[in-house]
Amino acid sequence: MNESIAHIKKAIEPYRQQIMQHKVYAAIRNTDDLKVFMQYHVFAVWDFMSLLKTLQNNLTCTVIPWFPKGAADTRYLINEIVVGEESDMDSFGHRKSHFELYLDAMQQCGADTKPMETFIRVLKNTGNMVTAFAAAEVPSAAREFVDFTFEIINSQKDYLQSAIFTFGREDLIPGMFVSMVNDIHKNFPQSISIFKYYLERHIEVDGNHHSQLALQMTTNLCGTDEQRWKEAEQAIITSLQKRISLWDGVYKQIIAPTTTASLNVVKAE
């Protein structure tokens, strides 16, 4: 294993453990709890796709006329991941992005997709994230998570984008969801079969093929530059802290008394 990768893995392990052992998983006891989880998490699924496409735009040529850009090995790594994430196969044999698959899962179990649909519609029309957040009444924990992702996207530093993609998303997903997958049959009815399929696909794909591709991509981009590795480590730690805060927000919403269970929203000032 690359020494810099090994160093990062050691440095971030306490944060990974906080995420994988978070109390939110045990709090999800019924479909109503799961709906709350999904209504927060869908924003992380969406901004993951934005981070993915940012990497593809930065590491490959996506404009006309076409010219070779960057290292061919790195182009292959990101393009391979994009194919799986943007045009995977659902359980019915239809091609869909993992984001679209997640929306299908939400609709099947009765989770509210209107906030995400509103967010996307307003963002398309205005190009303004703050306006879209306010119109959709996005929970503050979800907004802060997305804000950090876009802070890294807007940094124009591909090695940071790759680092949080690898260690804050791709490499993290299998451990994050494994406890939910193990209990899903006994805790939930067949009305969440699509969500079960979504989780299993992430464990199957991200836990093996994609995580290895992403690790190699980050290694290629940071190379032997010690400053890049230091910046990458700090960005990864912050991304994991944002994930913990996102799960904290979900947990607080799930355990909130029914009479005060309105979402904590952030409106534009």
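How are helices α3 and α8 oriented relative to each other: roughly parallel, roughly antiparallel, roughly perpendicular or oblique? The two helices are roughly parallel to each other.

## The model and its chain

This is a predicted model, in which local features need pLDDT of at least 70 and side-chain atom pairs count only at pLDDT 80 or more, while totals for chains, interfaces and linings use all residues. Residues are numbered from 1 along each chain as its sequence is written, and side-chain values use heavy atoms, with hydrogens and water left out.

The chain has 12 helices and two strands. Helices (H or I, at least four residues) and strands (E, at least two) are DSSP runs, numbered from the N terminus. Along the sequence their order is α-α-α-α-β-β-α-α-α-α-α-α-α-α. Of the 269 residues in the chain, 52% are buried; buried means under 20% relative accessible area, exposed means over 50%, and partly exposed lies in between (1.4 Å probe, protein chains only). Among contacts with a separation of 6 or more, 75% join residues 24 or more positions apart, where contact means heavy atoms within 4.5 Å.

## Helices α3 and α8

Helix α3 covers residues 31-59 and helix α8 covers residues 140-154. They pack at an angle of about 5 degrees, and their axes are 9 Å apart. Axes are lines fitted to C-alpha atoms, for helices over the stretch in contact, and angles run from 0 to 180 degrees between N-to-C directions. Angles under 35 degrees count as roughly parallel, over 145 as roughly antiparallel, 65 to 115 as roughly perpendicular and the rest as oblique.

On the α3 side, the contact is made by Tyr40, Phe43, Ala44, Trp46, Asp47, Ser50, Leu51 and Thr54. On the α8 side, the residues are Ala141, Ala142, Phe145, Val146, Thr149, Phe150 and Ile153. The residues of this contact divide into 11 nonpolar, three polar and one charged. Here Ala, Val, Leu, Ile, Met, Phe, Trp, Tyr, Cys and Pro count as nonpolar, Asp, Glu, Lys and Arg as charged, and the others, Gly among them, as polar.

## Aromatic rings

There are nine aromatic pairs in the structure. Rings of Phe, Tyr and Trp (its six-membered ring) pair if their centres lie within 6.5 Å; planes under 30 degrees apart count as stacked, over 60 as edge-to-face and the rest as tilted. The rings of Tyr102 and Tyr198 form an edge-to-face pair, because their centres are 4.9 Å apart and their planes are at 80 degrees. Tyr102 is in helix α5 (residues 98-109) and Tyr198 in helix α11 (residues 193-222), so the pair links parts of the chain 96 residues apart. Both residues, Tyr102 and Tyr198, are buried.

Tyr198 also forms a stacked pair with Phe195, with 6.4 Å between the centres and 10 degrees between the planes. Phe195 and Tyr198 are three residues apart in helix α11, and therefore separated by about one helical turn. Phe195 has 1% relative accessibility, and Tyr198 has a relative accessible area of 3%. Elsewhere, Phe43, Trp46, Phe119, Phe133 and Phe150 form one aromatic cluster.

Val45 lies in helix α3 and is buried, at 6% relative accessibility. Leaving aside neighbours within four places in sequence, Val45 is in contact with His98, Phe99, Tyr102 and Tyr198. Val45 and Arg169 are 124 residues apart in sequence, yet their C-alpha atoms are 9.6 Å apart in space.

Ile19 is in helix α1 (residues 3-20) and is buried, with a relative accessible area of 0%.
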